[in-house]
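Here is a short note for a colleague opening this entry for the first time. Please read it with the viewer at hand.

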Amino acid sequence: MDPKCPPPPPPPPSSSLLRRIVDFDTALSLRIYTLTNPIIPHYFLKSLEISGDGRLFFPVIISILLFPIFVNRTAVIPAAVYPLLISLLLCALLDLLAIGLLKHLIRRPRPVYNNNMFLCFAVDHWSFPSGHSSRVSFIAALFYFYSSSVQDLLVKLEFNHFLVDYFVPIVATWAFITSISRVLLGRHFVFDVLAGICLGILEALFVFHALDDENLISFFQMTVGK
């Protein structure tokens with residue numbers, strides 16, 4: 001070999017490590033999908049997908065927020081619950097921006113076995129991170145942070161004691177199963193889901209600590225009381 005023409009340097013270790021991580025994630029996700037696909041009913045996984053869809057989430061939250069304004073004093077929603085509702089809406093907007101930006105920057109293709117998926121936006125073609133996982137995770141986290149307000153509402157609505165005591169764990173279980181279903185349905189890789197879960201929890205923490213609950217409660221008491 002000509003000493004004047006040394007061989008090109010090897011690729012940076014970080015790139016090689018990242019490639020190995022991606023390959024491992026791809027193989028692991030395919031293995032999980034292949035093992036569970038014949039066992040778990042598709043309609044069950046599809047139902048979980050719909051339950052965590054943003055097209056369902058936004059209308060529901062906005063409708064609940066506007067409900068007391070339109071029905072005035074007949075509202076059954078305590079003012080203490082409104083910080084939770086506002087937090088859910090703010091988290092949803094923050095999540096929409098964060099997921100869209102990350103998917104646009106990272107541009108990881110979805111699994112090749114992902115079939116029959118309805119795409120709302122161009123960034124939905126990309127896989128990392130999982131928007132469903134981040135959404136259901138910030139929902140579960142906020143219900144945990146506002147668990148006392150949620151229990152008070154359920155008591156006022158005369159739900160049975162079991163649901164009052166276990167509503168927040170039920171929401172957390174739903175969020176966990178929905179996140180896992182993204183891999184089982186072939187929509188995402190495992191690391192997409194893990195990143196989405198972490199992102200959703202961080203969003204919930206940020207919004208929860210950024211809001212002034214007392215001012216929000218006072219505002220909605222004045223609004224509903226008009």
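1. Is Cys-91 buried or exposed? Cys-91 is buried, at a relative accessible area of 0%. Buried means under 20% relative accessible area, exposed means over 50%, and partly exposed lies in between (1.4 Å probe, protein chains only). Cys-198 is partly exposed, at 49% relative accessibility. The structure has zero disulfides, a disulfide being a pair of cysteine sulfur atoms within 2.5 Å.

2. A word on the source. This is a predicted model, where local features need pLDDT of at least 70 and side-chain atom pairs count only at pLDDT 80 or more, while totals for chains, interfaces and linings use all residues. Residues are numbered from 1 along each chain as its sequence is written, and side-chain values use heavy atoms, with hydrogens and water left out.

3. The overall layout. The chain has nine helices and zero strands. Helices (H or I, at least four residues) and strands (E, at least two) are DSSP runs, numbered from the N terminus. Of the 226 residues, 38% count as buried. Take contacts between residues at least 6 apart in sequence: 81% of them join residues at least 24 apart. Contact here means heavy atoms within 4.5 Å.

4. The surface. The chain exposes about 13400 Å², and carbon and sulfur atoms supply 72% of that area. Accessible areas come from the Shrake-Rupley method with a 1.4 Å probe; for residues, only the protein chains shown count as cover.

5. Look at Ser-130. Ser-130 sits in the loop between α4 (82–106) and α5 (131–145). Its relative accessibility is 0%, so Ser-130 counts as buried. Which residues does Ser-130 touch, not counting those up to four places away in sequence? They are Ile-99, Arg-182, His-188, Asp-192, Val-193 and Gly-196. The side chain of Ser-130 also makes a polar contact with the side chain of Ser-133, at 2.9 Å. A polar contact is a pair of N or O atoms within 3.5 Å; within protein, one must be able to donate a hydrogen and the other to accept it, and residues adjacent in sequence count only if both atoms are side-chain atoms.

6. A nonpolar patch. Tyr-43, Phe-44, Phe-176, Ile-177 and Ile-180 form this surface patch, with about 530 Å² of accessible area together. The elements giving two or more residues to the patch are α2 (42–51) and α7 (161–184). α7 gives the most, with three residues. Phe-44 lies in helix α2 and is partly exposed, at 39%. Patch residues have over 30% relative accessible area and no salt bridge; like charges are joined within 9 Å, nonpolar side chains (Val, Leu, Ile, Met, Phe, Trp, Tyr) within 5 Å. A salt bridge is a side-chain nitrogen of Lys or Arg within 4 Å of a carboxyl oxygen of Asp or Glu.
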